[in-house]
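Trainee: I would like to learn how to read a structure that is new to me. Please show me one step at a time.

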Amino acid sequence: MARSSSDQPATAAGAGPTPSRRDDLLAKAVAHALANGVTDVSLRELARELGTSHRMLIHYFGSREGLLVEIVRTIEADQRTALAAMVAEADGVDIADLAGRFWDRLTDPALDRAERLFFEVYGQALQGRAWATPLLDGIVDDWVDAWVRGLVDAGFSESDARAEARLGVAVSRGLLLDLLATGDRAAVEGAMDRYRTHVVRTRADGTA
């Protein structure tokens, strides 16, 4: 079956894949993953949902697994962008309030499928699966960097902000996994409230 012109890769001498087409397909794949999940969907099925062919997805992403990694990385980057906007807009950063608002964003039920996909691919990366290991690039440090400005603005030194940010990333991921595994939102929220109290007290006591 002939491909439509919108599905044709770049054919000019020396040209690579057309970025705008790749970005468009990735955006549609992310939206589909958030709305419907992709764990049990074949590449051909996903291609039909996105209005393209499985050959085009392979052309742009290498494989179904490569597409999953890019979906996760895109969602992660979008969340860091949202965090950066929250920090930039904060007036006299209340770090507990900032952390609470971002935590509410992360635990929105609309992100459940994305969180499950994150941990699925993360687990495969930790097992050394070659297709998943690109996810590990910056998987901690990018988030630490995203939190440092807010912590420094709240009164932490640069070094203490980095240590606290790393702890915060670990706590958040652990509690997200807890929430997905147990569904006990009240207990998870209680634990997160306790962690936010720790951050506030650490700064107030001058031990940061």
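Mentor: Start with burial: a residue is buried under 20% relative accessible area, exposed over 50% and partly exposed in between, with a 1.4 Å probe and protein chains only. This is a predicted model, in which local features need pLDDT of at least 70 and side-chain atom pairs pLDDT 80 or more, while totals for chains, interfaces and linings use all residues. Residues are numbered from 1 along each chain as its sequence is written, and side-chain values use heavy atoms, with hydrogens and water left out.

Trainee: What percentage of the residues in the chain do buried residues make up?

Mentor: Of the 208 residues in the chain, 40% are buried.

Trainee: How many helices and strands are there in the chain?

Mentor: Helices (DSSP H or I, at least four residues) and strands (E, at least two) are runs numbered from the N terminus. The chain has nine helices and zero strands.

Trainee: How do I read two packed helices?

Mentor: They are described by the angle between their axes and the distance between the axes. Axes are lines fitted to C-alpha atoms, for helices over the stretch in contact, and angles run from 0 to 180 degrees between N-to-C directions. Here the axes of helix α7 (residues 141-153) and helix α8 (residues 158-182) cross at roughly 125° and come within 8 Å. That makes α7 oblique to α8; angles under 35 degrees count as roughly parallel, over 145 as roughly antiparallel, 65 to 115 as roughly perpendicular and the rest as oblique.

Trainee: Which residues of α7 and α8 make the contact?

Mentor: Contact means heavy atoms within 4.5 Å. Among the residues making it are Trp143, Trp147 and Leu151 of α7, and Ala161, Arg162 and Val169 of α8.

Trainee: How do I read a pair of aromatic rings?

Mentor: Such a pair is described by the distance of the centres and the angle of the planes. Rings of Phe, Tyr and Trp (its six-membered ring) pair if their centres lie within 6.5 Å; planes under 30 degrees apart count as stacked, over 60 as edge-to-face and the rest as tilted. The structure holds five aromatic pairs. In one, phenylalanine 102 and tryptophan 143 have ring centres 5.9 Å apart and planes at 50°, so the pair is tilted. Phenylalanine 102 lies in helix α5 (residues 95-106) and tryptophan 143 in helix α7, so the pair ties together parts 41 residues apart in sequence.

Trainee: Are phenylalanine 102 and tryptophan 143 buried or exposed?

Mentor: Phenylalanine 102 counts as buried at 2% relative accessibility, and tryptophan 143 counts as buried at 7%. Phenylalanine 102 also pairs edge-to-face with tryptophan 147, at 5.9 Å centre to centre and 85° between the planes. Phe102, Trp143 and Trp147 form one aromatic cluster.
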